[in-house]
Amino acid sequence: MDMVNDITKALVEIYSVEGVADRLSVTVNTIYRWLRGKSRPRPKQEDLLRKLYDEHRESNNQINQ
């Protein structure tokens with residue numbers, strides 16, 4: 001499975017489609033296209049996706065410690 005797609009799905013579950021779109025400065029339709037595999041994030045958006053995901057994981061790890 002595609003890691004970027006998995007990260008996008010996880011972030012949508014956490015923040016909603018609108019929330020992810022806002023955080024990445026893209027449209028909601030763009031997020032839906034990524035989720036359906038119709039397009040892929042540009043390198044800048046992919047980096048932001050990964051950073052957002054890592055930040056969420058780090059904050060959860062700190063809470064759980």
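This is a predicted model: local features need pLDDT of at least 70, side-chain atom pairs count only at pLDDT 80 or more; totals for chains, interfaces and linings use all residues.
Student: Is Thr30 buried or exposed, and what is its relative accessible area?

Tutor: Thr30 lies in helix α3, and its side chain makes a polar contact of 3.1 Å with the side chain of Arg33. A residue counts as buried when its relative accessible area is under 20%. Thr30 is therefore buried, because its relative accessible area is 14%.

Student: How are the axes of α2 and α3 arranged, roughly parallel or roughly perpendicular?

Tutor: The two axes come within 8 Å of each other and cross at roughly 110 degrees. Angles of 65 to 115 degrees count as roughly perpendicular. It follows that the arrangement of α2 and α3 is roughly perpendicular.

Student: Where α2 and α3 meet, how many of the residues are nonpolar?

Tutor: On the side of α2, the residues that take part are Val17, Glu18, Val20, Ala21 and Leu24, and they meet Val28, Ile31, Tyr32 and Trp34 in α3. Sorted by kind, the residues of this contact include no polar ones and one charged one, while the number of nonpolar residues is eight.

Student: Which residues does Leu24 contact, leaving aside its neighbours within four places in sequence?

Tutor: Leu24 lies in helix α2, which covers residues 17-24, and it counts as buried because its relative accessibility is 3%. Once the neighbours within four places in sequence are left aside, the residues in contact with Leu24 are Ile31, Trp34, Gln45, Leu48 and Leu49.

Student: What is the phi of Ser25, and is this residue buried or exposed?

Tutor: Ser25 lies in the loop between α2 and α3, and its phi is positive, near 55 degrees, although Ser25 is a residue other than glycine. A relative accessible area over 50% counts as exposed. Because the relative accessibility of Ser25 is 68%, this residue is exposed.

Student: What relative accessible area does Ser16 have?

Tutor: Ser16 is found in the loop between α1 and α2, and it has a positive phi of about 85 degrees although it is not a glycine. Ser16 is partly exposed, and its relative accessible area is 30%.

Conventions:
Residues are numbered from 1 along each chain as its sequence is written. Side-chain values use heavy atoms; hydrogens and water are left out. Helices (H or I, at least four residues) and strands (E, at least two) are DSSP runs, numbered from the N terminus. Buried means under 20% relative accessible area, exposed over 50%, partly exposed in between (1.4 Å probe, protein chains only). A polar contact is a pair of N or O atoms within 3.5 Å; within protein, one must be able to donate a hydrogen and the other to accept it, and residues adjacent in sequence count only if both atoms are side-chain atoms. Contact means heavy atoms within 4.5 Å. Axes are lines fitted to C-alpha atoms, for helices over the stretch in contact, and angles run from 0 to 180 degrees between N-to-C directions. Angles under 35 degrees count as roughly parallel, over 145 as roughly antiparallel, 65 to 115 as roughly perpendicular and the rest as oblique. Ala, Val, Leu, Ile, Met, Phe, Trp, Tyr, Cys and Pro count as nonpolar, Asp, Glu, Lys and Arg as charged, and the others, Gly among them, as polar.
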